[in-house]
Amino acid sequence: MYKYVINGGRKLEGEVSISGAKNAAVAIVAATILCDEACVLENVPDISDTAICAKILREMGATINYTNKNTMLVDTRNIKSPKVPPELARTMRASSYFLGTLLGRFREAFVPMPGGCDLGDRPIDQHIKAFNCLGAHHEIINGIVHVKADDLIGNQIFFDINTVGGTINAIFAAVKAKGLTIIENAAKEPHIVDLANFLNTMGADIRGAGTDVIKVRGVNFLKGVTYGIIPDQIEAGTYMVAAAATKGNVLIKNVIPKHLESITVNLRKMGVKVQEFDDSVRVSVDGPLMRTNIKTLPHPGFPTDMQPQFSALLTIADGTSIVTDNIFDNRFRYAGELRKMGADITVKDKVAIIQGVEGLKGAPVRATDLRAGAALVIAGLCAEGRTEIDDIYHIERGYECIDEKLAALGADIKRVYFQPKNAMAASS
Ligand code: EPZ
């Protein structure tokens with residue numbers, strides 16, 4: 001087992017380069033199931049979620065070779081069965097994308113109910129609604145979702161709520177369906193646009209990605225391509241917040257500033273200086289951090305995936321801040337861990353009230369999910385003394401080499417091996 005050990009209080013200074021977007025990569029790797037030839041994917045983040053996607057494809061019969069840690073050659077032509085190996089698939093939310101891609105290719109799919117971060121109830125009713133609209137039937141037996149269609153016929157899909165995964169799965173099922181599908185109330189996240197660009201490069205006919213109406217005209221053949229994944233706006237935002245929390249001065253490279261707009265606006269409201277360049281932003285602080293209120297919304301609103309990191313920053317801002325998460329029911333599980341470090345944060349339902357304190361104190365804490373873990377790293381970086389973070393596997397699902405990148409910015413952070421207590425008891 002590994003943990004992060006951080007000795008806080010050091011300013012982050014220097015340059016950091018952002019990796020490919022996790023939430024684009026997991027969708028694009030799954031999308032190769034729809035491709036009729038081999039593909040080369042570049043700028044794939046070296047994180048456990050993409051590694052699990054690749055492992056699932058390999059176990060299903062695909063050929064996957066890495067020409068370097070961020071470039072993957074994927075050939076899925078040898079996949080013959082629409083059944084996903086359940087053990088691996090249960091560990092992440094993105095496994096739901098195998099429903100749409102296998103249904104799109106085989107007109108059938110068997111995929112376990114998806115796992116992923118525990119953020120409250122995370123149903124897939126809207127995904128199923130999209131499949132039903134195109135002519136598929138479904139049943140759930142022993143936790144395995146089985147979808148099947150005699151054929152997939154283009155239709156209108158109206159989502160009752162804004163869903164990233166539902167929008168992506170609707171595109172997957174429609175891209176090789178017969179005729180025109182119109183997806184309304186579609187999610188508009190940058191990774192949906194990236195996925196549509198990837199599929200269109202292969203020969204798909206998808207228009208309107210990034211707006212709330214996406215039109216997909218079915219095609220029969222998708223050719224192999226080489227495609228580079230967009231930079232991860234949440235990883236970039238995490239380093240922006242870390243630079244602000246340590247009152248440092250960091251140039252964050254390989255970003256698309258437009259994707260960071262809501263993060264930049266809110267950092268500026270807190271008195272943080274953010275300079276935007278073509279493919280980088282510089283974050284620095286030369287005054288007090290001021291309180292602000294945050295409300296998460298679907299893109300282009302403030303991203304829920306940045307809510308924990310901002311809450312960590314607000315614990316040391318002057319004044320009282322209110323953070324509301326309108327997307328997930330239970331995305332404040334990290335609050336108790338921050339309280340161990342001296343934060344004054346109280347949570348009721350989807351709202352956190354944060355009273356800024358002079359400073360945080362290092363403590364042993366535990367990552368409860370991916371972005372909660374990132375919040376604890378940020379808290380450890382700006383806290384006085386030593387912080388140990390357990391269960392860092394959550395963090396490494398979505399952040400490539402976060403310890404190395406932070407150490408290169410001057411942080412005192414180490415990834416340390418330790419024998420779990422129960423294992424020690426068993427071995428003694
Ligand atoms: C994606 O999850 C991301 N995961 C999440 O990122 C992100 O927080 C979320 O989108 C919102 O931006 C991946 O892309 C792998 P949703 P997803 O469907 O698709 C409800 C991270 O930290 N809902 O947009 O699961 C749902 O419960 C992760 O990188 C239904 O009710 O999110 C939630 O309350 C965490 N029925 C809301 O909609 C459905 O059928 C938004 O969920 C689908 C969703």
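Helix H8 passes helix H12 in a right-handed crossing, a crossing being right-handed if the near helix is turned clockwise from the far one by less than a right angle, and left-handed if anticlockwise. The helices named here, like the strands, are DSSP runs numbered from the N terminus, with at least four residues (H or I) for a helix and at least two (E) for a strand. The model is a predicted one, in which local features need pLDDT of at least 70 and side-chain atom pairs count only at pLDDT 80 or more, whereas totals for chains, interfaces and linings use all residues. Residues are numbered from 1 along each chain as its sequence is written, and side-chain values use heavy atoms, with hydrogens and water left out.

Two packed helices are described by the angle between their axes and the distance between the axes. For H8 (residues 233-245) and H12 (residues 370-382) the angle is about 25° and the axes are 9 Å apart; axes are lines fitted to C-alpha atoms, for helices over the stretch in contact, and angles run from 0 to 180 degrees between N-to-C directions. H8 and H12 are therefore roughly parallel to each other, a description for angles under 35 degrees, while those over 145 count as roughly antiparallel, 65 to 115 as roughly perpendicular and the rest as oblique. On the H8 side the contact (heavy atoms within 4.5 Å) is made by Ile-234, Thr-238, Val-241, Ala-242 and Ala-245, and on the H12 side by Arg-371, Ala-374, Ile-378, Leu-381 and Cys-382. These residues divide into eight nonpolar, one polar and one charged, where Ala, Val, Leu, Ile, Met, Phe, Trp, Tyr, Cys and Pro count as nonpolar, Asp, Glu, Lys and Arg as charged, and the others, Gly among them, as polar.

A second pair is formed by H5 (residues 125-133) and H6 (residues 164-174), which pack at about 25° with their axes 8 Å apart, and H5 passes H6 in a right-handed crossing. Here His-127, Ala-130 and Phe-131 of H5 meet Gly-165, Gly-166, Asn-169, Ala-170 and Ala-173 of H6, and the residues of this contact divide into four nonpolar, four polar and no charged.

In a further pair, H1 (residues 22-31) and H7 (residues 190-201) pack at an angle of about 30°, with their axes 9 Å apart, and these two helices are therefore roughly parallel to each other.

Turning to the ligand, 24 residues lie around it, of which Arg-93, Gln-126, Thr-163, Asp-305 and Ile-327 come nearest; a residue is counted as near if one of its heavy atoms lies within 4 Å. A polar side-chain atom of Asp-305 lies 2.5 Å from an oxygen atom of the ligand, an N or O atom in the side chain of Thr-163 is 2.7 Å from a ligand oxygen, and a polar side-chain atom of Arg-331 lies 3.2 Å from an oxygen atom of the ligand.

Two details of the backbone remain. Most residues other than glycine have a negative phi, and most peptide bonds are trans. A cis peptide bond, with omega about 10°, joins His-299 and Pro-300, and Pro-300 has its place in the loop between strand S17 (294-296) and helix H10 (307-314). Asp-349, a residue other than glycine, has a positive phi near 55° and lies in the loop between strand S19 (344-348) and strand S20 (351-355).

Terms used: A polar contact is a pair of N or O atoms within 3.5 Å; within protein, one must be able to donate a hydrogen and the other to accept it, and residues adjacent in sequence count only if both atoms are side-chain atoms.
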